[in-house]
Structure formats: structure tokens, C-alpha cells
Amino acid sequence: MADTDKDTVKVTAYCVKCRKKQEMKDAKEVQMKGKGGPRRALKGVCPVCGTGMFRILGKA
Ligand SMILES: [Zn+2]
């Protein structure tokens with residue numbers, strides 16, 4: 001079986017500094033507290049400029 005445990009999914013997010021979508025580096029799933037309860041989000045950095053990126057996945 002292939003090593004599917006590793007998170008190799010490519011995630012893109014909009015980088016405000018590059019002003020375009022970039023592949024998120026070191027993407028980690030985090031939970032943030034929202035009005036309707038916890039929400040899942042991805043946190044990472046832009047591979048080009050190193051700016052923090054954030055992408056909301058939806059409700060947990
Ligand atoms: Zn960038």
C-alpha cells in the first residue's frame with residue numbers, strides 16, 4: 001500500500017503579497033473558533049515570499 005498517511009495534498013491559497021494564488025507550504029489543519037462553533041482551516045506559508053496564508057475549509 002502506498003503511503004497515504006502523509007499529507008501530500010496540494011493546497012492553494014491566495015497570497016496577498018504576490019497577489020495571486022500560490023501553493024501553500026507547510027499547510028497545517030487548525031481549528032478556529034467561529035460564531036457557529038469550531039471551524040476547520042488550513043494555515044501555511046507562501047513558498048515564494050513567506051507570507052502567512054490562511055484558508056477556511058468549512059465547518060468542523
Ligand atoms: Zn506570496
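**Burial, strands and contacts**

User: What percentage of the 60 residues of the protein count as buried?
Analyst: The model is a predicted one, and a residue counts as buried if 20 or more other C-beta atoms lie within 10 Å of its own. Applied to the 60 residues of the protein, that criterion gives a buried share of 12%.

User: Which residues make up the largest nonpolar core?
Analyst: In soluble globular proteins, nonpolar side chains tend to be buried together. Here the largest nonpolar core has 5 residues. One of them, A13, is in contact with M24 and M53, among others, once neighbours within four places in sequence are left aside. The members of this core are A13, C15, M24, C46 and M53.

User: Is V11 buried, partly exposed or exposed?
Analyst: V11 is placed in the segment before β1 (12-15), and its contacts beyond four places in sequence are M24, A27, L42, G44 and R55. For one of these, L42, which is 31 residues away along the chain, the C-alpha separation from V11 is 8.7 Å. Because V11 has 16 C-beta neighbours inside 10 Å, it counts as partly exposed.

User: Is G58 buried or exposed?
Analyst: G58 is found in strand β5 (residues 52-59), and, not counting residues up to four places away in sequence, G58 touches R39 and R40. Its C-alpha atom is separated by 9.2 Å from that of P38, 20 residues apart along the chain. Since 7 other C-beta atoms lie within 10 Å, G58 is exposed.

User: Among contacts between residues at least 6 apart in sequence, what share joins residues at least 24 apart?
Analyst: Contacts here rest on C-beta atoms that lie within 7 Å. Taking the contacts in the protein between residues at least 6 apart in sequence, the share joining residues at least 24 apart is 30%.

Conventions. Residues are numbered from 1 along each chain as its sequence is written. This is a predicted model: local features need pLDDT of at least 70, side-chain atom pairs count only at pLDDT 80 or more; totals for chains, interfaces and linings use all residues. A nonpolar core is a set of buried Ala, Val, Leu, Ile, Met, Phe, Trp, Tyr and Cys residues joined through C-beta atoms within 7 Å. Two residues are in contact if their C-beta atoms, placed from the backbone, lie within 7 Å. Helices (H or I, at least four residues) and strands (E, at least two) are DSSP runs, numbered from the N terminus.
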